[in-house]
Amino acid sequence: VAAERCCAAESGRAPRHPSFAAFGHLHAAAHLPTDFGLLSRVCALAGIPAALVTEAGIRQMLRTVKMLRLCDYSGGDIRVSLAHSVLYMRITLRICGSEMDAQEASNTLILLVFIAHSYTQDETCPLRVWHHHLFKGYCTVRNLDSALVKLLQFQRWVLRVPQHDLDHTLQLLKDTEFVLPGGPRISGLPGPDACLSVSRMSARSPLTPRED
């Protein structure tokens, strides 16, 4: 995947993650038809090894994007968060990628999307919503807070990324069309009212671990 990412970067074409080809039926699980291809590019650009991208992980990533769309974030805002998470994931994989299993890899990427979302958006979907809809069966909120701190340490507490890298990543993601959600409400996921307007640096900031 890393070699494909480098070749794609040099040619200017958007790479696709090879593991997604085996799970084409998951198109039906996407809120928008373009979300499947978008996440394939995200995983490829992040350099996630094929063995760490599974059907369960793809479903969870699709659910993450679906949640953000149902919270009325624009396609452009979601793409910016995903682009940041790609760059954060590359650093994370260099540090501890060899120790991850597939579930850890997908959950790590999703948590990095939360960090990027919290950093780039003025009004954010708070951590409690992410935990309830994406992590409730995997860990407690306290464990999630600890994982956030560890991931921020991997980034050396610096969430701003080089502008050239960000622009290039956005360029490689941009040919996935984004449209506003127009379909029926997905059962079990929050609507816009569930995602309260919370300032980036509120008490629920990922930089402030929460005690349960």
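This is a predicted model: local features need pLDDT of at least 70, side-chain atom pairs count only at pLDDT 80 or more; totals for chains, interfaces and linings use all residues.
Which residues of α3 are buried? Residues are numbered from 1 along each chain as its sequence is written, and side-chain values use heavy atoms, without hydrogens and water.

**View 1. Helix α3, residues 55-70.** The 16 residues of α3 span 22 Å from first to last C-alpha, close to the 22 Å expected at 1.5 Å a residue (1.5 Å times one less than the number of residues). Helices are DSSP runs of H or I with at least four residues, numbered from the N terminus. Just after α3, Asp 72 adopts a positive phi of about 70°.

**View 2. The buried residues of α3.** These are Gly 57, Ile 58, Gln 60, Met 61, Leu 62, Thr 64, Val 65, Lys 66, Met 67, Leu 68, Arg 69 and Leu 70 (buried: under 20% relative accessible area, 1.4 Å probe, protein chains only). Because twelve of its 16 residues are buried, α3 is largely enclosed by the rest of the structure. The covering elements include α2 (34-46), α4 (75-96), α5 (102-120) and α6 (127-135).

**View 3. Lining of the largest pocket.** A pocket is an open set of points on a 1 Å grid with protein on both sides within 12 Å along at least five of seven lines, and lining residues have an atom within 4 Å of a point. Of the 17 lining residues, Glu 104, Thr 108, Leu 111, Tyr 138 and Ala 147 lie nearest the centre. α7 gives the most, with six residues.

Notes:
Helices (H or I, at least four residues) and strands (E, at least two) are DSSP runs, numbered from the N terminus. Buried means under 20% relative accessible area, exposed over 50%, partly exposed in between (1.4 Å probe, protein chains only). Contact means heavy atoms within 4.5 Å. On a 1 Å grid over the protein atoms alone, a cavity is a set of points where a 1.4 Å probe fits but cannot get out, and a pocket is an open set with protein on both sides within 12 Å along at least five of seven lines; lining residues have an atom within 4 Å of a point.
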